[in-house]
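I opened this entry to look up the pairing of charged side chains. Side chains of opposite charge can pair when their charged atoms come close.

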Amino acid sequence: MLFRKKRYNIYTMNTRKNCSIRIDHESALSFSSCGESKKVYTVGICQLATHDALDAATRGFQDALKDKLGADNVVFDLKNAAGDSNICNTIVNSFVSKKVDLIMANATAALQAAYNATSTIPILGTSVTEYGG
């Protein structure tokens, strides 16, 4: 589940393995005590399209996660949907099949696809204009 604390943009996701992923207002990301030593995390990234702002958000996320976990402890599966929301569905479904540890959905269509594809894999949405109600 994703929780937002008002005014500080602090998000915490609790995963199935009693891990938590925390993102604060400076986009710092941290995993806390997952009970597994030196696990290599697989993160599926679905980006709707190539765009300077989306590209920067993806790079910033990857850099922050590598800083926090160590570059050897995280593998990114980066896919670009070339502006087609139907391709987002295909990409995210492949992440679910691969059982990635986290899905980063970059743009509204990518987040909608991820939301509809899984209820068990944590999802981080960025560059989203409509979260829904």
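**Salt bridges**

I looked up aspartate 101 and found that it forms a salt bridge (a side-chain nitrogen of Lys or Arg within 4 Å of a carboxyl oxygen of Asp or Glu) with lysine 39, the closest N and O atoms being 3.4 Å apart. Aspartate 101 lies in the loop between α2 (85-98) and β7 (102-106), and lysine 39 in the loop between β4 (29-32) and β5 (41-47), so this pair ties together parts 62 residues apart in sequence. Helices (H or I, at least four residues) and strands (E, at least two) are DSSP runs, numbered from the N terminus.

I noted that the model is predicted: local features need pLDDT of at least 70, side-chain atom pairs count only at pLDDT 80 or more, and totals for chains, interfaces and linings use all residues. Residues are numbered from 1 along each chain as its sequence is written, and side-chain values use heavy atoms, with hydrogens and water left out.

I then checked the accessibility of lysine 39, which is buried at a relative accessible area of 18%. Buried means under 20% relative accessible area, exposed over 50%, and partly exposed in between (1.4 Å probe, protein chains only).

**Aspartate 77**

How many salt bridges does the structure hold? I recorded 3. Lysine 79 pairs with aspartate 77 at 3.4 Å between the closest N and O atoms. Lysine 79 counts as partly exposed at 33% relative accessibility, whereas aspartate 77 counts as buried at 16%.

For the salt bridge between lysine 98 and aspartate 77, I noted 2.7 Å between the closest N and O atoms. Lysine 98 lies in helix α2 and aspartate 77 in strand β6 (residues 74-80), so the pair ties together parts 21 residues apart in sequence. Shared partners join Asp77, Lys79 and Lys98 into one network of salt bridges.
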